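Please open the model in a viewer and keep the selection panel at hand. The stops below proceed from the whole chain to a single residue.

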Amino acid sequence: MFESAFALSDASRLLAGIVLLTVVTIEFGGTFLVRIASGKVPFTEFQKSFSRAGHAHAGVLVIFSLIGLVLADATGLEGAWGWIARAGIPAAAILMSGGFFASMAGKGRTEPNKAVALLYAGAVSLAAGTLTLGVGLLAA
């Protein structure tokens with residue numbers, strides 16, 4: 001029906017489809033934030049700020065993931081390097097937003113629990129994905 005010169009690799013197409021499906025969970029998180037903001041969920045200020053941060057990181061990193069997938073196909077990277085360039089940013093979206101939400105879980109919490117380690121794992125994943133992608137683009 002539509003012709004296009006633009007085509008994604010199978011790996012990027014698969015990951016892009018999965019990433020797009022996660023938008024529904026981000027939408028659900030937005031409705032939860034509305035409940036928090038309206039006072040229907042009794043959260044501490046710490047929990048409110050981590051909820052906002054988790055939601056924001058999820059949204060921004062999902063958009064960045066989709067852009068990164070298109071750019072990864074332009075690098076010509078294959079094998080493990082190709083997967084790091086493609087999956088590093090989406091994995092960071094999951095790990096970082098999950099880290100914010102999991103580390104603030106629990107009634108009346110005023111500081112992060114041990115799940116905050118997910119934030120650091122996400123930061124490593126984000127760095128690995130973006131560095132691999134950037135170097136791959138410069139070398140292409």
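**The whole chain**

Among contacts (heavy atoms within 4.5 Å) in the protein between residues at least 6 apart in sequence, 76% join residues at least 24 apart. This is a predicted model, in which local features need pLDDT of at least 70 and side-chain atom pairs count only at pLDDT 80 or more, while totals for chains, interfaces and linings use all residues. Residues are numbered from 1 along each chain as its sequence is written, and side-chain values use heavy atoms, with hydrogens and water left out.

Display the C-alpha trace: its atoms fill a box of roughly 50 × 35 × 20 Å along the principal axes. Colouring by secondary structure shows five helices and zero strands, in the order α-α-α-α-α along the sequence. Helices (H or I, at least four residues) and strands (E, at least two) are DSSP runs, numbered from the N terminus. Of the 140 residues, 33% count as buried, that is, under 20% relative accessible area with a 1.4 Å probe and protein chains only.

**Helices α1 and α2**

Select α1 (10-21) and α2 (23-37) next. The two helices pack at an angle of about 20°, with their axes 4 Å apart; axes are lines fitted to C-alpha atoms over the stretch in contact, and angles run from 0 to 180 degrees between N-to-C directions. Angles under 35 degrees count as roughly parallel, and α1 and α2 are therefore roughly parallel to each other. Their contact has five nonpolar, one polar and no charged residues. On the α1 side are V19, L20 and L21, which meet V23, V24 and T25 of α2.

Ala, Val, Leu, Ile, Met, Phe, Trp, Tyr, Cys and Pro count as nonpolar, Asp, Glu, Lys and Arg as charged, and the others, Gly among them, as polar.

**The largest pocket**

Now display the largest pocket, with a volume of about 430 Å³. Of its 22 lining residues, T25, I26, A58, A93 and S97 are the closest to its centre. A pocket is an open set of points on a 1 Å grid over the protein atoms alone, where a 1.4 Å probe fits, with protein on both sides within 12 Å along at least five of seven lines; lining residues have an atom within 4 Å of a point. The volume is the space filled by probe spheres set on the points, which are joined across faces, edges and corners.

Helices α1, α2, α3 (45-75) and α4 (79-103) each supply at least two lining residues, and α4 gives the most, with eight. The lining has 15 nonpolar, seven polar and no charged residues.

**Residue S97**

Finally, select S97, in helix α4. Is S97 buried or exposed? At 10% relative accessibility, S97 counts as buried. Beyond its neighbours within four places in sequence, S97 is in contact with G54, A58 and A92.

Key: Buried < 20%, exposed > 50% of the residue type's maximum accessible area, 1.4 Å probe, protein only. Parallel < 35°, antiparallel > 145°, perpendicular 65-115°, else oblique.
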